[in-house]
Amino acid sequence: MAALKNSGSYPPFVLGKPRYDQSTFAGRLKHFLNVVDPRTLLTTERQLREAVRLLRDFEEGRTGPEITSKQLWEAQKIKQAIIHPDTGKKIFMPFRMSGFVPFGTITVVGLLLPNQTFPQMIFWQSLKWSLALIAKEMIKGTDYNQEGLGAFICFSLYTVAQSDT
């Protein structure tokens with residue numbers, strides 16, 4: 001592999017490994033904040049293709065000396081934030097780790113609204129469980145199935161029954 005330029009605060013790049021030391025709390029926290037960084041939601045198709053290409057070139061030993069560890073860490077961050085590790089497919093934006101807070105806030109606010117009517121409660125609980133089911137399927141890397149529909153209906157009914165008492 002080609003020698004990499006030193007990138008200041010960036011450690012030497014290791015493909016598929018975390019950038020931060022996972023044996024310390026600070027390292028694990030920095031890693032988590034890196035994973036949920038909402039800026040990755042703004043990544044364009046072109047940037048994603050370039051990141052994947054750069055990592056593939058690095059893996060095949062075809063990167064030049066002008067490539068820095070910083071560029072490789074940023075490319076890995078983009079790829080890991082958008083591409084499912086098992087299927088290789090893009091993860092739909094609301095179901096990425098970086099989309100959890102921006103997209104989940106609406107549902108949380110809806111669930112916390114005071115003095116909800118019964119239909120409002122059913123709507124927000126159904127939305128919550130729909131999103132949870134889809135997120136679960138996205139994480140597994142599978143497509144929606146009838147077993148999931150049954151679980152969704154059971155969870156929704158159970159949650160509505162619990163919150164009505």
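These legends walk through several close-up views of one predicted model.

**About the model.** Residues are numbered from 1 along each chain as its sequence is written, and because this is a predicted model, local features need pLDDT of at least 70, side-chain atom pairs count only at pLDDT 80 or more, and totals for chains, interfaces and linings use all residues. Side-chain values rest on heavy atoms, with hydrogens and water left out.

**View A. Confidence along the chain.** Let's start with pLDDT, the predictor's confidence in each residue, from 0 to 100. The protein chain has a mean pLDDT of 86, and 84% of its residues reach 70 or more. Where is confidence lowest, and where is it highest? It is lowest in helix 6 (residues 146-164), with a mean of 66, and highest in helix 2, at 97. Helices here are DSSP runs (H or I, at least four residues), numbered from the N terminus.

View B. Side chains of opposite charge can pair when their charged atoms come close. A salt bridge here is a side-chain nitrogen of Lys or Arg within 4 Å of a carboxyl oxygen of Asp or Glu, and the count by this rule is seven. In one of them, Arg-46 meets Glu-50 at 3.2 Å, N to O. Why are these two about one helical turn apart? Because they sit four residues apart in helix 2 (residues 45-59). Arg-46 is exposed, at 51% relative accessible area, while Glu-50 is partly exposed, at 33%. (Buried means under 20% relative accessible area, exposed over 50%, and partly exposed in between, using a 1.4 Å probe and protein chains only.)

View C. Follow Asp-57 here, as it has a salt bridge with Arg-53 (3.3 Å, N to O) and another with Arg-62, whose closest N and O atoms are 3.0 Å apart. Arg-53 and Asp-57 both lie in helix 2, four residues apart, about one turn of the helix. Is Asp-57 buried or exposed? Asp-57 counts as buried, at 12% relative accessibility, whereas Arg-53 is partly exposed, at 40%. Salt bridges link Arg-53, Asp-57, Glu-60 and Arg-62 in a network.

**View D. The largest pocket.** On a 1 Å grid over the protein atoms alone, a pocket is an open set of points where a 1.4 Å probe fits, with protein on both sides within 12 Å along at least five of seven lines; lining residues have an atom within 4 Å of a point. A volume is the space filled by probe spheres set on the points, which are joined across faces, edges and corners. The largest pocket holds about 1000 Å³ of space. Its lining has 38 residues, and Phe-95, Arg-96, Met-97, Ser-98 and Phe-100 are the closest to its centre. Which helix gives the most to this lining? Helix 4 does, with nine residues.

**View E. The second largest pocket.** This pocket has about 280 Å³ of space. Its lining has 13 residues, with Leu-15, Leu-55, Glu-59, Lys-79 and Gln-80 nearest its centre. Helix 2 gives the most to the lining, with four residues.
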